[in-house]
Amino acid sequence: MRVYNFSAGPAMLPEEVLKRAADEMLEYGDSGQSVMEMSHRSKEYQAIIDSVEAKLREVMSIPDNYKVLFLQGGASSQFAMIPLNLMNKSGKADFVLTGQWATKAYQEASRYGECKVVASSKDKTFSYIPELNKADFTPDADYFHICYNNTIYGTRFSELPDTGSVPLVADMSSAILSEPVDVTKYGLIYAGAQKNMGPAGLTVVIIREDLIGNARDITPTMFNYKTHAENGSMYNTPPTYGIYILGLVLDWVKEKGGLEAMAKINAEKAKILYDFLDGSKLFKPTVQGKDRSMMNIPFVTGSDELDAKFVSEAKKAGLINIKGHRSVGGMRASIYNAMPIEGVKKLVEFMAKFEAENA
Ligand SMILES: *Cc1c(COP(=O)(O)O)cnc(C)c1O
């Protein structure tokens with residue numbers, strides 16, 4: 001029996017996608033082989049990667065002056081790759097610290113240049129998105145970094161900072177494909193695939209063309225965006241199977257009505273859980289108001305013992321990986337695109353029952 005998996009990542013994939021992958025596992029089309037076994041230089045594989053890029057461009061409305069790169073190394077490698085490639089004019093960059101990932105991006109970039117913390121919400125365990133004051137922004141920064149959706153703390157930007165001509169760079173690992181995005185507002189968007197796009201091992205970078213080609217001399221070849229842009233993400237062996245699965249996920253997203261439809265159903269799913277949390281006497285949400293994430297929803301009972309009991313009983317009921325991150329404690333329900341609305345309803349029913357028995 002398949003469970004409802006509330007993991008923050010690697011996370012659930014749509015059942016339709018897994019079934020299609022299973023159907024095509026032994027033989028893709030009439031190629032006589034699995035996608036996993038294909039040469040990345042073969043014409044069959046070239047057709048796959050080309051179609052995946054085309055689908056991503058279509059689904060996200062990515063303009064022609066942006067490159068799509070299929071890389072490895074996780075979102076975490078981007079923390080270094082971005083400064084190596086972008087921080088080369090003034091050598092400065094701005095950061096908003098909204099959680100652990102944003103902080104890691106800041107710390108890594110600080111090894112390469114002058115990094116400024118424009119705002120932080122560390123004072124309250126990153127439970128909100130701090131107010132931004134444009135007067136604090138560095139006018140000649142090479143980029144301005146945000147983590148759009150904070151996977152661990154369950155917040156997300158409801159309004160983007162107006163950075164003017166400074167390229168806005170966003171870690172979108174846990175929100176990409178969950179809602180429409182105006183790509184033109186960003187210089188660079190990056191995401192590890194394992195939250196909402198496919199299996200772990202693939203990292204997607206969407207970068208405005210003029211930001212490519214300025215890497216510093218010491219940049220490792222594999223860390224230079226130019227290397228991958230000039231070679232169609234085929235400088236070396238790309239994560240071939242992960243890219244193929246992303247293609248199946250994009251077919252699924254398209255079939256469901258695209259990102260507008262994803263945003264609608266995701267908002268509906270999140271509302272079911274937030275409404276319950278707001279009315280609960282036992283469970284408390286850790287984030288309030290407009291900063292609430294649609295993807296990652298942390299909550300606590302206030303008792304470590306009850307939290308542990310809940311996590312363990314939920315698991316027995318087929319609701320797995322609901323334990324919160326150790327820095328927040330309690331629980332966290334990650335409800336990415338692939339989590340069906342039935343899964344959220346099941347969770348809320350289970351929480352109501354647990355509350356009745358334990359409050
Ligand atoms: C998961 C996650 C990361 C880390 O991704 P890796 O692919 O494991 O390096 C970075 N940022 C955000 C927002 C994440 O959710």
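Reader: Hi! What kind of model is this, and how are residues numbered?

Author: Hello! It is a predicted model, where local features need pLDDT of at least 70, side-chain atom pairs count only at pLDDT 80 or more, and totals for chains, interfaces and linings use all residues. Residues are numbered from 1 along each chain as its sequence is written, and side-chain values use heavy atoms, with hydrogens and water left out.

Reader: Great. How many cavities of 30 Å³ or more are there?

Author: Two. A cavity here is a set of points, on a 1 Å grid over the protein atoms alone, where a 1.4 Å probe fits but cannot get out; lining residues have an atom within 4 Å of a point. Points are joined across faces, edges and corners, and a volume is the space filled by probe spheres set on them.

Reader: What is the volume of the second largest cavity, and where does it lie?

Author: Its volume is about 40 Å³. Domain 1 (4-13 + 257-358) and domain 2 (15-255) both give residues to its lining, so the cavity lies between them; the domain bounds come from an automatic or database domain assignment. Among the lining residues are Tyr148, Arg156, Glu179 and Met294.

Reader: And the largest cavity, which residues line it?

Author: Including Met12, Leu13, Lys195, Trp252 and Asn337, the lining draws at least three residues from each of domain 1 and domain 2. The space inside is about 50 Å³.

Reader: Switching to charges: how many salt bridges does the structure hold?

Author: There are 20, where a salt bridge is a side-chain nitrogen of Lys or Arg within 4 Å of a carboxyl oxygen of Asp or Glu. Arg20, Glu24, Lys55 and Asp251 are linked in a network of them.

Reader: What about Asp291 and Lys290, buried or exposed?

Author: Their side chains meet in a salt bridge at 3.3 Å, N to O. Asp291 counts as buried at 8% relative accessibility, whereas Lys290 counts as exposed at 55%. Buried means under 20% relative accessible area, exposed over 50%, and partly exposed in between, with a 1.4 Å probe and protein chains only.

Reader: Nice. Which residue does Glu15 meet in a salt bridge?

Author: Lys19, at 3.2 Å, N to O. Glu15 and Lys19 are four residues apart in helix H1 (residues 15-23), so about one helical turn separates them; helices are DSSP runs (H or I, at least four residues), numbered from the N terminus. Glu15 is partly exposed, with a relative accessible area of 40%.

Terms used
On a 1 Å grid over the protein atoms alone, a cavity is a set of points where a 1.4 Å probe fits but cannot get out, and a pocket is an open set with protein on both sides within 12 Å along at least five of seven lines; lining residues have an atom within 4 Å of a point. Helices (H or I, at least four residues) and strands (E, at least two) are DSSP runs, numbered from the N terminus.
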